[in-house]
Amino acid sequence: MHFRWLLIASILQKICAFPSFQVQIPNGAEVEVDGELWPGVGHLLRSGGGDLNPFGLDFQAAGSKWTSALCEKDSDGDGLSNGYELGDPSCRWTPGAQPERAVFLGHLFGMTGTHSSC
């Protein structure tokens with residue numbers, strides 16, 4: 001019985017927790033690709049769900065938290081750190097704080113995009 005509740009909770013977390021992940025990364029709810037919001041920042045699908053992109057895999061490996069290591073990493077291999085692409089080039093951002101920058105210079109899987117101001 002206990003196992004079944006854990007399984008249900010795990011499934012619901014994967015389905016429902018995605019908006020809560022946005023607040024765990026700087027500018028997470030403001031990522032745009034080709035002028036459209038990309039709420040599924042860590043996913044291959046714009047809407048989230050499904051397969052993770054390289055940033056999503058790294059975010060998951062970091063315990064679904066913004067860490068210095070995740071910030072400094074270049075998940076998409078484009079030569080820009082995740083922090084730089086998400087507006088935290090100094091890797092000092094914490095959840096709830098204003099990111100250092102709200103101008104988006106890249107996307108976490110190699111697509112270009114822009115951030116709107118918060």
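**Close-up 1. Phe21, Phe55 and Phe59 are joined into a cluster by ring pairs.** This is a predicted model, in which local features need pLDDT of at least 70, side-chain atom pairs count only at pLDDT 80 or more, and totals for chains, interfaces and linings use all residues. Residues are numbered from 1 along each chain as its sequence is written, and side-chain values use heavy atoms, leaving out hydrogens and water. Rings of Phe, Tyr and Trp (its six-membered ring) pair if their centres lie within 6.5 Å; planes under 30 degrees apart are called stacked, over 60 edge-to-face, and the rest tilted. The count by this rule is two aromatic pairs.

**Close-up 2. Phe21 meets Phe59 edge-to-face.** Helices (H or I, at least four residues) and strands (E, at least two) are DSSP runs, numbered from the N terminus. How accessible are the two partners? Phe21 is partly exposed at 30% relative accessibility, while Phe59 is buried at 7% relative accessible area. For these words, buried means under 20% relative accessible area, exposed over 50%, and partly exposed in between (1.4 Å probe, protein chains only).

**Close-up 3. Phe55 and Phe59 form a stacked pair.** Look for ring centres 6.0 Å apart and planes at 25 degrees, so Phe55 and Phe59 count as stacked. The two residues are four apart in helix α3, which means about one helical turn separates them. Phe55 is buried, with a relative accessible area of 2%.

**Close-up 4. Arg101 places its charged end over the ring of Tyr84.** The distance from that charged end to the centre of the Tyr84 ring is 4.6 Å. A charge sits over a ring if NZ of Lys or CZ of Arg is within 6 Å of the ring centre and within 35 degrees of the ring normal.

**Close-up 5. A disulfide joins Cys71 and Cys91.** With a disulfide taken as a pair of cysteine sulfur atoms within 2.5 Å, the count is one. The sulfur atoms of Cys71 and Cys91 lie 2.1 Å apart. The torsion about their S-S bond is about -85 degrees, so this disulfide is left-handed. The link connects distant parts of the chain, with Cys71 in helix α4 (residues 68–72) and Cys91 in the segment after α5 (82–86), 20 residues apart. Cys71 is buried at 1% relative accessible area, and Cys91 is buried at 18%.
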